[in-house]
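Please consider the structure shown below together with its sequence. The paragraphs that follow lead through its parts in turn.

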Amino acid sequence: MRRKLAAGNWKMNGTGESLAEVDRLLRALPDPCCEVLICPPATLLHRMAARLEGATVALGGQTCHAATCGAHTGDISAAMLADAGASHVILGHSERRAEHGESDLDIRAMTEAAWDAGLAAIVCVGETDAEREAVNTLDIVGGQMASSIPDAVTGENLIVAYEPVWAIGTGRTPSLDEIGEVHDFIRARLERRFGPGVGRSVRILYGGSMKPGNAAEIAAVSNVDGGLIGGASLTADDFAGIIRALSAGA
Ligand code: PGA
């Protein structure tokens with residue numbers, strides 16, 4: 001049985017003042033609750049970890065370097081994220097792929113680095129608008145998975161996030177049937193490559209304009225094990241609304 005996960009991706013948002021939002025979120029968490037993860041900017045990880053002491057909310061980074069240390073000005077290693085309190089890291093987000101030229105092979109190397117540091121990797125895949133129109137979405141997603149996910153997958157060290165690029169921050173989402181088709185495909189690929197036991201235990205998140213109003217119906221789609229939430233994770237009210245929808249039956 002895969003536990004639903006609500007993962008908040010704060011992107012480049014948040015300063016010390018935003019920690020109050022986390023206090024509000026903690027007060028609003030339902031019981032029973034799905035698993036909750038917040039991925040704030042790296043500058044907030046340490047303070048947020050202190051704030052979350054004793055709470056069941058996990059922390060993650062938004063990317064990491066593939067190397068463990070060295071002359072990489074501005075970069076952060078997986079071990080540094082772990083040292084600051086992270087248990088997870090988002091890798092290969094489409095904004096990283098587009099703005100920083102991250103390739104599937106880069107993401108594969110980062111995933112291995114994350115695993116070496118004991119972090120679970122949330123590997124993002126998804127097609128652009130043009131790719132959706134020009135070719136089969138499943139070919140794009142299948143190709144990204146094959147090249148960016150390393151071989152040593154266990155049920156716990158990998159989470160796949162399906163994020164159609166055109167749905168991120170736009171208020172547009174695929175139909176429930178379209179989400180189900182891609183998630184079923186991702187599950188089948190995971191089972192084929194890693195065997196049924198491991199393949200069935202990896203969680204698959206949907207990401208892209210998930211809101212309190214659509215989270216329950218998306219979460220009910222086959223093989224949707226939670227959400228990777230950007231804009232709506234920034235305010236406690238909205239994120240708690242999504243968490244409540246994902247916690248039904250938790
Ligand atoms: P969004 O972002 O929820 O603001 O669409 C999702 C993401 O980029 O992870």
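Thr137 is buried, because its relative accessible area is 10%, where buried means under 20%, exposed over 50% and partly exposed in between, with a 1.4 Å probe and protein chains only. This residue is found in helix H7; helices (H or I, at least four residues) and strands (E, at least two) are DSSP runs numbered from the N terminus. Leaving aside neighbours within four places in sequence, Thr137 is in contact with Glu127, Arg132, Tyr162 and Val182, contact meaning heavy atoms within 4.5 Å.

The model is predicted: local features need pLDDT of at least 70, side-chain atom pairs count only at pLDDT 80 or more, and totals for chains, interfaces and linings use all residues. Residues are numbered from 1 along each chain as its sequence is written, and side-chain values use heavy atoms, with hydrogens and water left out.

Helix H7 (137–148) also takes part in the surroundings of helix H5. The buried residues of H5 pack against H7, and also against helix H3 (78–83), strand E4 (88–91), helix H4 (94–100), strand E5 (120–125) and strand E6 (158–162). Those buried residues are Asp104, Ile107, Met110, Thr111, Ala113, Ala114 and Trp115. H5 itself has 13 residues (104–116), and its end C-alpha atoms are 18 Å apart, which agrees with the 18 Å that it should span at 1.5 Å a residue; the expected span is 1.5 Å times one less than the number of residues. After H5 comes Gly118, whose phi is positive, near 85°.

The ligand is the next topic. Around the ligand are 13 residues, of which Lys11, His93, Glu163, Gly169 and Ser209 come nearest; a residue is near a molecule if one of its heavy atoms lies within 4 Å of it. This shell divides into four nonpolar, seven polar and two charged residues. For this division, Ala, Val, Leu, Ile, Met, Phe, Trp, Tyr, Cys and Pro count as nonpolar, Asp, Glu, Lys and Arg as charged, and the others, Gly among them, as polar. A polar side-chain atom of His93 lies 2.6 Å from an oxygen atom of the ligand, and for an N or O atom in the side chain of Glu163 the distance to a ligand oxygen is 2.7 Å. Gly230 places a backbone N or O atom 2.8 Å from an oxygen atom of the ligand. On its own the ligand has 280 Å² of accessible area, and the protein covers 97% of it; such areas come from the Shrake-Rupley method with a 1.4 Å probe.

Lys11 lies in the loop between strand E1 (5–9) and H1. Although Lys11 is not a glycine, its phi is positive, about 55°. Asn223 is another residue other than glycine with a positive phi, near 65°. Asn223 lies in the loop between helix H10 (212–219) and strand E8 (226–229) and counts as buried because its relative accessibility is 18%. In the loop between helix H1 (19–28) and strand E2 (35–39) is Pro32, and the peptide bond from Asp31 to Pro32 is cis, with omega near 5°.

Helix H1 contains Glu21. Beyond its neighbours within four places in sequence, Glu21 is in contact with Leu234, Thr235 and Ala236. Ala236 is one of the buried residues of H11. Helix H11 (236–247) is mostly covered, with nine of its twelve residues buried, and these buried residues pack against E1, H1, E2, H10 and E8.

Methods:
A polar contact is a pair of N or O atoms within 3.5 Å; within protein, one must be able to donate a hydrogen and the other to accept it, and residues adjacent in sequence count only if both atoms are side-chain atoms.
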